Every structure is written in structure tokens, then in C-alpha cells.
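Dear colleague,

I am handing over a structure to you with this email. Please look through it before reading the notes that follow.

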Amino acid sequence: MSELLKVPTMAEFMAAGKQPEVLFWVGCAGSFDDRAKKITKAFVKLLNKANVEFAVLGTEESCTGDPAKRSGNEFLFQMQAVTNIEVMNAYEIKKIVTACPHCFNTIKNEYPGLGGNYEVMHHTQFLKSLLSEGRLTIEGGQYKGKRITFHDPCYLGRANEVYEAPRDLIRKLDAELVEMKSCKSRGLCCGAGGAQMFKEPEPGNKDINIKRTEQALETKPQIIAAGCPFCNTMMTDGVKNKEKEDQVEVMDIAELIANAQDL
Amino acid sequence: MGILPQILFAIALFIGIGYFANNVRKLARNIKLGQDVDTSDDKPQRWKNMARIAFGQSKMVKRPIAGFLHIIVYVGFVIINIEVLEIIIDGLTGKHRIFSGAGQLYDILIGSFELLAFAVLVSVIIFWIRRNIIKLKRFMSSEMKGWPKSDGNIILYFEVVLMCLFLTMNGADLQLQLNGAAGYHTAGSFPISQWLLPIFDGLSNATLIIIERTAWWLHIIGILAFLNYLYFSKHLHILLAFPNTFYGRLKPKGQFENLDAVTTEVMMMMDPNADPFAAAPEGAEDEVPAKFGASDVQDLTWVNLLNAYTCTECGRCTSECPANKTGKKLSPRKIMMDTRDRLVEVGQNIDANKGEFVDDGKQLLGDYITKEELWACTSCNACVEACPVSIDPLHIIMQMRQYLVMEQSAAPMELNNMMTNIENNGAPWPYNQMDRLNWKDE
């Protein structure tokens, strides 16, 4: 399968004297986390299928600095941001798509103040635009009629008020979209944000991801759809904790669309 | 009687408003202890937010029951104040029901005040039941013990007493009108207080006048007392909700500000032409080095401090907080209450020391808000979204994290590991940056 993936880098585009349509910002999770790498590949398959001329920074990409900033290390954040901006401005990047809402939020909202001005899209927004331009078709395939609930990532939903793009894509799968009792602007966090992903939680009576998984399972879903690699990890762990992994899958929206077309 | 009641009234009004104005000055001074922040952007949007969120109560109704009851009390408060205006003019001029010249319009006004007063009474009683009998979870948190609980109830008692006095005053007035008592001309309609007539029936005019006057005086003195109670109470939100929604954040909730002081240093480090051994520019020795983040109220922005005074401790933030929902110590409401408590303490310190703050060995961080609370935050913005008056507890949490990390290097060990990884490998995990594209061939 993997030899079919076309993943050109910005350096290659530059060498060929060309400019890609969009930069795919893979992010740290998408690059290194085994689960998230599958999401990255699914998204690349869709980009290839739609003949999108995209590029990645590859080894020139570095952490956006989001977890450092949310931890309070503004210094490290700005070092990361300024370095990344230097690289991207040198390549004259105009448009960026990413499958990570944390990268999305940081580059979109916090990079402009440091000299990085780009049009930034979450991959669900980008896929939706491909769909409306007729460059991509979505079929229900194996997901037709399945019960799917969508977990809003905080940094996509409340932070940037993107609620509909992911839901529109799920509806296009002819799936039955069911909402959790806390959704959209009142969506409950998975527990990973604000750098919590990288530390043990403070003492309490429950882990946040378990609480959120319980809300998801109340909707009796066959699939919990996510739009963030960190939410994906948290919800996957939650489903395992509830010993429901045989009945409920946690999938990124890009994976759902790619799988539906047997890509 | 002569002019004495008018003089007494003027004195009461002067003391009531004067004392309040003095406290408002202190309030403004305390808020200005915060760091300056530019709020001059997009004024039209700010006015719109104030109109929609504070005036229009748009966020209150996200919770329909509390929202509906609150709108009744809010509308009642605003509209019944027209009656207070009449009372003040009557009090100062010695006239009785001076607006009654408006004829039928006056009847409609008084009639609707009465209906509203009754609706307020019912709503306030339901509010009391929610706090004291149903014991709604968000009113029972640990930060709501003691004064905050009493404060909530005192406000409700105040409102019950004021509404009862208002209706008693009207009922007695109506009976006097029916009796044709001198000075009590027929004016107003009394859809609620007419039900009190059986109580007043058979009382002498002299007794009725005593009842009417007593209720009238207690009502206006009660209002002045309530006005002055605000400064010491969470109930300040009835005034501060308006400026607070005006100065609330306009940017996307996910956008955290970039610290300028840090940008200056980072740009210098990244500038290949910068001379690391260059002498400091003229006058730089005298500059106080910038403090990163916040450890006390003076380090926060004045908008944060306005937020703290505006908070009415409804607890919607805390009830939506994922950390709080799962039993962690963090409560965004407590962050706001602690900030106000500390600010009041600092203000009293300044009052006691002739206008200068004298170090009291205390600060917001540690003495009020613990690290454990700060590190439990997922920065999910649920608290910010939930607040009906645009308070941003997350901004305070983040500034205090900045202080912990940049001034004290006091991040939890795992976060230090994560940050070291970012510094060394450009990723929060210990993977080599050169392996970033390996996924393509796996």
C-alpha cells in the first residue's frame, strides 16, 4: 500500500521550481504516534485521490510549540514558532492544511502575531472544500447506516467554532450521526488539551477521557469519530477501559472517508 | 410635618449614594492595579456584545430554567427602577405619586410594576429553593461554604423584603385612596396589592398612613442599603456585567496572546547580526526586568480584575469544567473568587497604608490558588464558553502557569521532559527530527 503514497516535500517542489497548492502540516502526533500515522496516511490517500498538489515539510517541520505555550513556556513556544515561520516564509507558503486541531489553532491564531500569515484549514474543512469543488466524492461504503457520534475537539470547536465541517462529512457517508449530551460549544474535553497529554492527571475521582467515553457510549455508537490525534488516543483508551473495543471503533474522519472508498 | 421628611430624605439619599460612590472609586482604583491591556479594537463589536450578552441576556438562557427566572428578576429590576425614580422625586419634593399626571399610562405602569414585583417574588423564592432545599450541585461546592453561601441568600432576602414592602406600600395606598383620605388621590392600578385589601379593611386612616409611610421609607432605605451592599457582594454583577461584556475577548477562544517581552528576547536571539556582548542601551540598567506571567493580582490585566469583581458565583463555569467534573481540585469559579478576595485584601492594605501597598508576604499564587489547581486545567475553554457575562478564568490560569514555568521552573516533571524534547528534537516525544517523514515508507 505505502508505495502508492505520493508524499512530495517542499524541498522537492522548490528544486523543481514549483509551488504546491497547499502545505500539509503533519504535526508531531501525525509524524510519530503509531495510531496517528494511520490518520496521516488516510488523509494523504485522499489528497492523492483528489489529485491535490500538496507538499510536506518533512524533516524541516518542527513542533508548533502548542504544548509548550499551554504549559506556560512562552519562551519555548516563540522559539518554535519563529523557527517554523522562518522555514515556511522562505518557501512562500500561503495555505496550510493539518489534521491536528492544536497545530491548526496555533498556526492560524498565534503565528500571525509573530510574522506567519497563512490561510490555515483543518483537514475536515479542506476535505469539505474538495467535496464541494467536485474534486472528491464521498461514498458511504461500509459505513452506510452506521451509528456514528462525533467528539468535538476543543481546539477545533469552542476554540475556533468549527462544528459543521466534520459533521457534514459524516452525513455524506450516509451514516446516522448521533450527538452526545455535551456536544458542539458544550462539548466535553477528552482530557488531553493544555499539555495534559504529556502528564499524569491531578488526583480526582475519574479520568476525563473515561467520563467523555461514557458520554459517547451512551449514544450506543458503532463508531466514535474524532478529528484530532490526541482526542483519538484518549477516546481509544477510554473504549478499551470500558472493554468495548470489539463493538466500538474510534476513527478519524479522514480514515472513515478513505476506508469507505477502500483506499 | 412640614419640610422635615424632605430634609431627612435628602440626607438619606446623600449618605446612601455618597457612600456607594466612594466605594465605586475604590473599586475602580483596585481594578486599575492590573496591567494595562489594549481594548480599543473593534468598538462596534464590543457594543454589540454588550447589547446581546448583558442587556439581551443571550447566554443566560442556555440554561432555560435559571435563564427564564433570571430574566424576570432582571427585567423587574430594570423596570421597577422607574418607580424608584418617582419615589426619589416624591421624597425630595414632598409630593405624592408625582408621575400620576400621566393618567392611564400611569395606571399601566404601576399595574405592570406590580405584576413584575410579584413575578420577581416568585422567581426569587424558586431561586432560594434551588439553593437551600433542592441544593443544586453547583451551589454546594467547597468554595461556596460560609460567606459566599450567606451572600447568595442575603441577596434573595433583600429582594423578597423589597418586593413585599413595595406591595404593602401600594396596598395601603389603595385602601387610603378608597377611603378618600386627604393627600391620597386616585392613581394607579393595583392588580396584586388589591389582594391585600382585606388586611387593611377597617383600619383607621391614621394607621394606614403609618403603614404606607413606613413601607415607603423602608423600601427606599432598603434600596439604598442594597446599593451599598453590592460593593461587598457577588451581586456587583448587576452593574459590572455591562462593562465586563464590553471588554470581554473578541478573538477566537483558542488564540492565546503572545507575550511581547518574550518576542523581543526571541527576536534578539534569532538575529544573526545581534552582538551578544553589546553594552545595554542607555537607561536600560534602570529598567525593571519584565516579570513573566502572574503570581499576584497586580500582574494580571485589569480586565482579569474586572472579571473577578463581575463574577456572581453562579458556577456554570465549574459545572462545565472537565477537571472539576472528574473530581479534581480545579474550579474556575474559585479562581475568580480567589482573585477577587486577594484583590480586596490588597485594596485594604493600600487603604491602611496611606495609598501605598506594603508587602504582606502573601500572594495569589500559593496563598489562594494552588499549583495543583493550575496544572489540572486542560485549557478547553468550557468555562469561558459557559460564563453568561464573558469572564475568562482560563486567561488567569495561563498567566499563572507562565509564572510557574518561566520564573520558577516549577512545571511538573513530565512537562519538563516534554519541553526538553521539544527543545532538542522539535517534538514533545524523544524522536529524532530526521525521522519525521519515516511514516511515508512504513
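At roughly what angle do the axes of α3(A) and helix α10 (residues 229-241) of chain A cross? The two axes cross at roughly 130 degrees and come within 10 Å of each other. That makes α3(A) oblique to α10(A); angles under 35 degrees count as roughly parallel, over 145 as roughly antiparallel, 65 to 115 as roughly perpendicular and the rest as oblique. The axes are lines fitted to C-alpha atoms, for helices over the stretch in contact, with angles running from 0 to 180 degrees between N-to-C directions. Helices (H or I, at least four residues) and strands (E, at least two) are DSSP runs, numbered from the N terminus.

Some notes on the model itself are needed here. This is a predicted model, in which local features need pLDDT of at least 70 and side-chain atom pairs count only at pLDDT 80 or more, while totals for chains, interfaces and linings use all residues. Residues are numbered from 1 along each chain as its sequence is written, and chains are lettered from A and ligands numbered from 1 in the order in which they are written.

To return to the helix pair, α3(A) passes α10(A) in a right-handed crossing. A crossing is left-handed if the near helix is turned anticlockwise from the far one by less than a right angle, and right-handed if clockwise. A:R35, A:A36 and A:I39 of α3(A) meet A:P229, A:N232, A:T233 and A:T236 of α10(A), where two residues are in contact if their C-beta atoms, placed from the backbone, lie within 7 Å. By class, this contact has three nonpolar, three polar and one charged residues. Ala, Val, Leu, Ile, Met, Phe, Trp, Tyr, Cys and Pro count as nonpolar, Asp, Glu, Lys and Arg as charged, and the others, Gly among them, as polar.

Domains of chain A

The domain assignment divides chain A into domain 1 (2-131) and domain 2 (138-260); such bounds come from an automatic or database domain assignment. The C-alpha centres of domain 1 of chain A and domain 2 of chain A are 22 Å apart. In the contact between them, 27 residues of domain 1 of chain A meet 28 residues of domain 2 of chain A. On the domain 1 side, α3(A) provides the largest share, eight residues. That side of domain 1 of chain A comprises 13 nonpolar, eight polar and six charged residues.

Two further places in chain A deserve attention. In α7(A), the residues A:H123, A:T124, A:Q125, A:F126, A:L127 and A:K128 are buried. A residue is buried if 20 or more other C-beta atoms lie within 10 Å of its own, exposed if 12 or fewer, and partly exposed in between, with C-beta atoms placed from the backbone. Their cover includes α3, β3 (95-98), β4 (119-122), α8 (164-172) and α11 (253-260) of chain A. Just after α7(A), A:G134 has a positive phi of about 75 degrees.

A:Y91 counts as partly exposed because it has 17 C-beta neighbours inside 10 Å. Not counting residues up to four places away in sequence, A:Y91 touches A:M10 and A:M14. A:Y91 and A:F13 are 78 residues apart in sequence, yet 9.5 Å apart in space, C-alpha to C-alpha.

Chain B

Chain B is assigned domain 1 (4-31 + 63-237) and domain 2 (260-270 + 290-426). The C-alpha centres of domain 1 of chain B and domain 2 of chain B lie 39 Å apart, and 13 residues of domain 1 of chain B are in contact with 18 residues of domain 2 of chain B. Helix α1 (residues 4-31) of chain B gives the most to the domain 1 side of this contact, with four residues.

The axes of helix α5 (residues 147-179) of chain B and helix α7 (residues 205-230) of chain B come within 8 Å and cross at roughly 155 degrees. That makes α5(B) roughly antiparallel to α7(B). The crossing of α5(B) past α7(B) is left-handed, and their contact has 17 nonpolar, six polar and two charged residues.

Contact between the chains

Finally, 58 residues of chain A are in contact with 57 residues of chain B. On the side of chain A that touches chain B, α5(A) gives the most, with seven residues. By class, that side of chain A has 21 nonpolar, 22 polar and 15 charged residues.

Yours sincerely
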